[in-house]
Amino acid sequence: MRAISLATSLLIALAAGTAAQAQAPQNDLAKYCQADIKRLCPTVQPGGGRVMKCLKAHTKEMSVGCAQALQKMKS
């Protein structure tokens, strides 16, 4: 019974680590692209990929940090 509990705890810890890794690029996007979104896409309503589409349409105008965050999202 103790082995099952230990295995379950290990699986939960691994799943939490994977979820945190998946969120990291999104957190970078929010951190590094916030100013670019306000500047380049001020009238775009969030949701449905509209903000991402707007940012991609303005790749030559965005900051280096935002461009790198978007690149991380692709990989």
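This is a predicted model: local features need pLDDT of at least 70, side-chain atom pairs count only at pLDDT 80 or more; totals for chains, interfaces and linings use all residues.
Local features are reported where pLDDT is at least 70 and side-chain atom pairs where it is 80 or more, whereas totals for chains, interfaces and linings use all residues. Residues are numbered from 1 along each chain as its sequence is written, and side-chain values rest on heavy atoms, with hydrogens and water left out.

## Overall fold

The protein chain contains three helices and zero strands, in the order α-α-α along the sequence. Helices (H or I, at least four residues) and strands (E, at least two) are DSSP runs, numbered from the N terminus. Of the 75 residues of the chain, 19% count as buried; buried means under 20% relative accessible area, exposed over 50%, and partly exposed in between, with a 1.4 Å probe and protein chains only. The accessible surface comes to about 5800 Å², of which 61% belongs to carbon and sulfur atoms. Accessible areas come from the Shrake-Rupley method with a 1.4 Å probe; for residues, only the protein chains shown count as cover. Among contacts with a separation of 6 or more, 43% are between residues 24 or more positions apart, a contact being heavy atoms within 4.5 Å.

## Disulfides

Two disulfides are present, each defined as a pair of cysteine sulfur atoms within 2.5 Å. With bonded cysteines counted along the chain, the pattern is 1-4, 2-3.

| Pair | S to S distance | Torsion about S-S |
|---|---|---|
| Cys-33 and Cys-66 | 2.0 Å | 105° |
| Cys-41 and Cys-54 | 1.9 Å | about -100° |

The link of Cys-33 and Cys-66 is right-handed. Cys-33 lies in helix H1 (residues 2-40) and Cys-66 in helix H3 (residues 64-74), so this pair ties together parts that are 33 residues apart in sequence. Both Cys-33 and Cys-66 are buried.

The disulfide of Cys-41 and Cys-54 is left-handed, because its torsion is about -100°. Cys-41 belongs to the loop between H1 and helix H2 (50-57), and Cys-54 to H2 itself, so the bond ties together parts 13 residues apart in sequence. Cys-41 is buried at a relative accessible area of 3%, and Cys-54 counts as buried at 12%. Leaving aside residues up to four places away in sequence, Cys-41 touches Asp-36, Cys-54, Leu-55 and His-58.

In H2, the residues Val-51, Cys-54 and Leu-55 are buried. They cover an arc of only 100° around the axis and therefore lie on the same side of H2; the arc is that of the directions from the helix axis to the C-beta atoms. Lys-53 and Ala-57, on the other side of H2, are exposed.

The largest nonpolar core has 11 residues in all: Leu-29, Cys-33, Leu-40, Cys-41, Val-51, Cys-54, Leu-55, Met-62, Cys-66, Ala-69 and Leu-70. Such a core is a set of buried Ala, Val, Leu, Ile, Met, Phe, Trp, Tyr and Cys residues joined through side-chain atoms within 4.5 Å. H1, H2 and H3 each supply at least two residues of this core.

## A buried aspartate

Asp-28 is located in helix H1. Its relative accessible area of 18% places Asp-28 among the buried residues. Not counting residues up to four places away in sequence, Asp-28 touches Cys-33, Ala-69 and Lys-72.
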